[in-house]
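Subject: The structure, and what turned up in it

Hi there,

Here is the structure I promised to pass on. Please open it alongside this email, and my notes follow below.

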Amino acid sequence: MGINNKNVPPSNLLKDFTSPKSKKQFELTNETYEWIRNGWIIREYRLAKDERTVKSVQFRMGFSLFLYKKQIEDEKETKKTQSITEWKEQWIKIKNSSSLNLKRKEQLNRLKDILDEVVTEGKINHNSSTWRFQKQLLFLHFLTAFYQISMAEHHFDWKQIGARYYRKIGGSKEFDSYKKEFIESAEELLEYPLHLLGLSSLGTITPIYFTGPMQGVSVSYDYGPIHATTDLAVFTEDFQTDAQVLWLVENRGILTRMAYEKNFLLDSKSLVLGIDGQLRSAHRRLIEQLVSNVKQVIIWTDVDEAGLIIAKDVGETVQKYRSITKWVVPPLEVVLDVEEFQSRYKKAIQVQKEEQEQEIGGVERWKKWISP
């Protein structure tokens, strides 16, 4: 059985036998017999119904290999637990030693609550849960480091985040491997751009394209050409609209086509907002500002998996308000029920994926969608 075996099993056996259910075929060689003697593998005979005739011979994980793999897994779990404990101690230390930056109180309190929840529940409620453990842990350290420096510095650049947190040579580079992902994930969690919390913008400003009437404190847009605002404006202004129909479309092609029909937009009192292929925190914020002013929302995305996800996310955002919500589904119809929308979309994806621009319809069809 190899219970007292102190040798390390060959790497190929560790790779081949992922669980006791794994079955492999080997030639009987001196090496194979050595593996059997050490308890790393067992030779299993399957008999026919007469219980005498050998039907098949195969090899499975031996008890010695099982114990070794279990020991390795236990050590990994112990290291994970230690790593999480170290992060918790670091977070509590930074939280208790930081003085509150009043200008950023709301957003930083949100980040504080998120990290406190991770301490309590032991996991982060976010898409980062699909990342491997080390990446999740590094993201928690990044959020902690960002909280620490945002509390203390009015402006700071990317390198300062890691340098201040780790205080060692190379600390400024600790988060570099996942720079883009960490910034995007943090903004999604906080629903707020990090450069409004002190991080130098790195030259990135997210444009948001639309056509129709929209008013802010310091700016006003009317019916006419395609307009553009930015994520910075969305988070520093409170936008409103006197439009009655809010169109949320995935692609610029649809936005451009609808902007061409100025009379339709005027007559129907429509505002068309382009999601541009990805629902960002700035899009969500602007939608939430506008949806309380309109009577109905029409969501229109590509007929593919990404379009389904975007349409569901947008629907969850707008359905918090009283406006009527409609989804455009193949073949160019609208439905008001989210379950019917998902069912129709999934069936359409199985038949044929298509982009919005392939089937646009026209003014007459758009008017039918708006009608009660």
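Leaving aside neighbours within four places in sequence, which residues is Phe 175 in contact with? They are Leu 138, His 141, Phe 142, Ala 145, Trp 158, Ile 161, Gly 162, Tyr 165, Tyr 166 and Phe 182, where contact means heavy atoms within 4.5 Å.

Before going on, some ground rules. This is a predicted model, in which local features need pLDDT of at least 70 and side-chain atom pairs count only at pLDDT 80 or more, while totals for chains, interfaces and linings use all residues. Residues are numbered from 1 along each chain as its sequence is written, and side-chain values use heavy atoms, with hydrogens and water left out.

**The cores**

Phe 175 belongs to the largest nonpolar core, which has 71 residues. A nonpolar core here is a set of buried Ala, Val, Leu, Ile, Met, Phe, Trp, Tyr and Cys residues joined through side-chain atoms within 4.5 Å; buried means under 20% relative accessible area, exposed over 50%, and partly exposed in between, with a 1.4 Å probe and protein chains only. Together with Phe 142, Ile 161, Leu 194 and Leu 248, Phe 175 touches the most other members. Helix 5 (residues 133–152) gives the most to this core, with 11 residues. (Helices are DSSP runs of H or I with at least four residues, strands are runs of E with at least two, and both are numbered from the N terminus.) A second, separate core of 19 residues includes Tyr 223, Trp 247, Trp 300 and Trp 369.

**Helix 13**

Phe 341, Gln 342, Tyr 345, Ala 348 and Ile 349 are the buried residues of helix 13. Why do they lie on the same side of helix 13? Because they cover an arc of only 135° around the axis, taken from the directions from the helix axis to the C-beta atoms. Their cover includes helix 12 (305–318), strand 10 (324–329) and strand 11 (333–335). On the face turned away from the buried side you will find the exposed residues Glu 339, Lys 347, Gln 350 and Val 351.

**Two loops to look at**

In the loop between strand 10 and strand 11 sits Pro 331, joined to Pro 330 by a cis peptide bond with omega about 0°. That loop also holds Leu 332, a residue other than glycine with a positive phi near 55°. Leu 332 counts as buried, at 12% relative accessibility.

Lys 269, in the loop between helix 10 (262–268) and strand 8 (270–274), has a positive phi of about 55° although it is not a glycine. Lys 269 is partly exposed, with a relative accessible area of 40%.

Best wishes
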